Each structure stands twice: as C-alpha cells, then as structure tokens.
Amino acid sequence: MIEVENISVFDLDGTLWKKNSHIFILNVYFHTHFYTGLLARIFSRLFPVLWQKIIDRKFAEIPQSFVSDFDISNFGIDASIKNILEEKKKNSTVVIISNAPEGIVQKASSFFGVEGFHAQTGKKLNVLQKHYKYKNMFVCTDNKTDSDLLESADEKLFIKKEMSAFEFFFPLAYSFKTRYKGLSGIASFFVTSVLPAVVYFHIFVLDGSAIKNFISLFFSWFIINVIYEVGYIINDVYSINNETEPTQRLTKHELKFCKAKMLLAMNCRLFVITMSYVILLILGLPLYLFSLACLFLMMFYLMHNSLSEKYRFISNFGLVVIRFAAPFFIFPVEKNLIPILALFITLPCLKTLIYFLKKNCSKSESFLDNFQIFYFGLVSLILFVSLSFVSVRNFFLCPAYSVFLLFYRIGVKVFRMSTYSAEGGSWQ
C-alpha cells in the first residue's frame, strides 16, 4: 500500500470522456446502433442489473486485441476535465478508477500518464483503499453510483449531464429531466399522476363512447400537465433568484440556454396546448369549467413563484388540487362530487401537508415516509367504510387505489432503509 498526502480520483465514462466505452465499442464492433437506441435505453432504465449482464456477455465476445487497439480519442475526451486532471497532478497523486473494460482503463492510464484501476459498480472506494493510504481525497465523476467515493471525498466535482434541446422544447420532457429523474422518478410519476387518471376515469359518470371519453381525458390531462410544466420552467429559470436557498436544477450553461430560448420553448408548449384544446372542442365537450381551471392554474403558479417561501403551501394547495381534479372537469362535475372528494383527500390534501411539513417544519425523509404510510392507512379505512354509504358506480376503486398507494409507500420506505443499511448509514 502506498501512502500519499493528497489523492485525486477520476472516472472515465461521462467524465474524462463523454461516451460510455462499453456501449460505444459494442456498436462499433457489431456495426449497429442498437445499444444506444431508444429500446435499449428504456430497457436499461427499467432493468439496469439485467442490462449490465447482457452487455457484459456481448462484450466478452469481442477479441481482446480489438479492445487493446481501439483509439480512445473516439470516446470524445473532455478537454476541460483533462485540464483539471493535469492541474491536480501538480499537488496530488492522480488515479483513474472506472467501471470501463480493463483494457480500456489501462489504455486511459497510459494516455493520461496516471495509475488506472478497473472496479465494479459501488466498489471503487474499496479498490482505492486497497492500493493507497491518503489524508485528503478529491473525486471527479458523473456517476451517482460512485456514492462510496463521493461521500468520503474532502473535495468533489460531480459532473451533471447537460440538458438537450429536445428536453427543453418537447412538452413534458423537461419535467422528466428535472423532477422525475431515473426509474424511481418515472415510477412516482406513473403512480401519482398517470394511475389516478386511469383509476378515476372508471369511476366518473361517462356518457357516450368510452373511447371518445378516454381520448378526451388524455388531452385534458395533457393540457394541465403542460401548463404545470411551464410553471416548473419559470420557477427554475427566474423565480430561484428570489429564493434564499434555491434548488439549482440547471447548470449555468443550461440556465443561459433556457433564458435565450425561453420564447421559443413557451411557443412550442402554447402550440400543443392550443391543438389539444381544439381537439377537445371538436369532440364537443363542455369546457367552461375546465378552461377556468386552466386559467386559475396559471394564476396560482404566478402567485406561487412570487410568494414568500413560508406561505407557499397556500398556493401549493391550489396548484395540486387543480392539477389532479381539473382533467375531470370535462365531465359533469355535479354528478361526481363524491369521487372528486375521494381524489382530493387521497392525493392533493396529502401533497399539501407534505409540502408544509418539508418546507415549514423541516421534517426528515424518515418522518415524511412514516407520515404518508399513516395517512394512506387512515384514508383507506375511511374510504372502505364509506362504501356502505356511497352508491357511486365503481367507487370501490377509490379505496383500492388508496391501499395501493399505502403499499407503494411502504415499499419506498423498505427500499430506503435497506439502501441506508447497505451503505452503513442511518436515518436522521
């Protein structure tokens, strides 16, 4: 074991160079774009462990000579990160530790003139401490799975992936980029946004064709969520300037890009909202109440972004109520007051309480998890009891959905506890 004063650890894929070396070499060797295609990206998000096994098995079919002779400049070396590496060489020992293939790590080691090690996901700190004893550590990576290194680092540079033009201009893509990130974010969006729309569609009074009404609900849901996304963008680009401790969701480069292209992005969303609204008009739906809800949603977001953080739970209440209830305003509301109330206590009311507890009371994630479990348990009980007094068709789906949310939150808590336990952490 080598003893050093300072050590600097750099990742390869997505850090010292922009591409994923495994995937890039697979595409080149097999003359395909499959491994970077849409289907592969979706599969890798949904089943990351299985996907890693598949690409490792395919990579094993490539001759080692092909890997050894591969020109690593094809990976797109990041000049700015390379300059940081060269600067760190002056006052620290620099090492590369990467999940990239062993042959690629060694070529990178020779190219950058530093020591290089291959490591399995989540095992980089173990590899480092096996070879070095140090007092201070700097880490540069783009990978959240390097949490073992990042948590132990005295200084770190986490490289956030830049937003693409598609993610800024295409409706709802921005929401997934900034709010519903990763598999857990997608699951949260589906469970708390898509699923309630599908569930309550089967509860509300539907006149005429079910297909026509489902299409109508899709476009009303889409309009509300795009308007909500406009609020996200305004908040992230402009309103953060008025916050004492803002959540920076955009890099400086992304912020500059968004400000420069703001008008075009808003026009893109205005166009799809208008076209969706025209479709609802063609379908012959009563849109007075829905249109009023859209107007109030925009007003509440303007209020939300200008209010003091202490009182934002008030505007947040209006936002979440409209977001969840408004898509159903295209149907006769007077016939659906009980389902609307059930929807209100199941999601909007809870989300407002969580927002208040998080922002005004600084409650921990552990407390909020327990609170949500208790809340959904209580709501499920209330809704099940109400089945004896309510004669709305398919109303049993209301308590069924609430029970689903109860088990979903229990699953989230168990997952978080197991993750903290595996990392040697504890709840605060």
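Which residues in α12 meet which residues in α16? In this predicted model, where local features need pLDDT of at least 70, side-chain atom pairs count only at pLDDT 80 or more, and totals for chains, interfaces and linings use all residues, Ile224, Asn225, Tyr228, Tyr232 and Asn235 of α12 meet Arg312, Leu319, Val320, Ile322 and Arg323 of α16, contact being defined as heavy atoms within 4.5 Å. Residues are numbered from 1 along each chain as its sequence is written, and side-chain values use heavy atoms, with hydrogens and water left out. Helices (H or I, at least four residues) and strands (E, at least two) are DSSP runs, numbered from the N terminus.

Helix α12 (residues 210-237) packs against α16 at an angle of about 155 degrees, and the axes of the two helices are 10 Å apart; axes are lines fitted to C-alpha atoms, for helices over the stretch in contact, and angles run from 0 to 180 degrees between N-to-C directions. The pair is therefore roughly antiparallel, on a scale in which angles under 35 degrees count as roughly parallel, over 145 as roughly antiparallel, 65 to 115 as roughly perpendicular and the rest as oblique. Helix α16 (residues 312-325) has 14 residues, which at 1.5 Å a residue should span 20 Å, and the C-alpha atoms at its ends are 20 Å apart, in agreement with that value; the expected span is 1.5 Å times one less than the number of residues. Because ten of its 14 residues are buried, α16 is largely enclosed by the rest of the structure, where buried means under 20% relative accessible area, exposed over 50%, and partly exposed in between (1.4 Å probe, protein chains only). Among the buried residues of α16 are Arg312, Ser315, Asn316, Gly318 and Phe324.

An open sheet of five strands, with parallel pairing, has the order β4-β3-β2-β6-β7; two strands are taken to pair if DSSP finds at least two bridges between them. The edge strands, each pairing on one side only, are β4 (115-118) and β7 (155-158), and the twist from one strand to the next averages 15 degrees. Helix α5 (residues 79-88) packs on this sheet, touching β2 (6-10), β3, β6 (136-141) and β7, and its direction makes about 160 degrees with that of β2. Helix α7 (residues 124-131) also packs on the sheet, where it touches β2, β3, β4 and β6, with its direction at about 140 degrees to that of β3.

Within the sheet, strand β3 (residues 93-98) is joined to β4 by four bridges, the two running parallel, and valine 95 stands opposite glutamate 115 of β4. Strands β2 and β6 pair in the parallel sense over five bridges, with phenylalanine 138 in β6 as the bridge partner of serine 8. Four bridges join β6 to β7, again in parallel, and threonine 141 has phenylalanine 158 in β7 as its bridge partner. Strand β6 is mostly covered, five of its six residues being buried.

Serine 109, in helix α6 (residues 102-112), counts as buried at 12% relative accessibility. Leaving aside neighbours within four places in sequence, serine 109 is in contact with Ile96, Val114, Glu115 and Gly116. A polar atom of the serine 109 side chain lies 2.4 Å from the backbone oxygen of valine 114, and the side chain of serine 109 reaches the backbone nitrogen of glycine 116 at 3.5 Å. The C-alpha atoms of serine 109 and valine 95, 14 residues apart along the chain, are separated by 8.1 Å.

In helix α1 (residues 21-29), the buried residues include Ser21, His22, Ile23 and Leu26. Histidine 22 has a relative accessibility of 9% and, leaving aside neighbours within four places in sequence, is in contact with Ile55, Asp56, Phe59, Asn99, Ala100 and Pro101. At the start of α1, a side-chain oxygen of asparagine 20 reaches to within 3.1 Å of the backbone nitrogen of histidine 22.

Most residues other than glycine have a negative phi. Histidine 31, in the loop between α1 and α2 (38-46), has a positive phi near 50 degrees and is exposed, with a relative accessible area of 72%. Leucine 172, in the loop between α9 (165-169) and α10 (173-178), has a positive phi near 80 degrees, but is buried, with a relative accessible area of 12%.

Key:
Polar contact = N/O pair within 3.5 Å; in protein donor to acceptor, adjacent residues only side chain to side chain.
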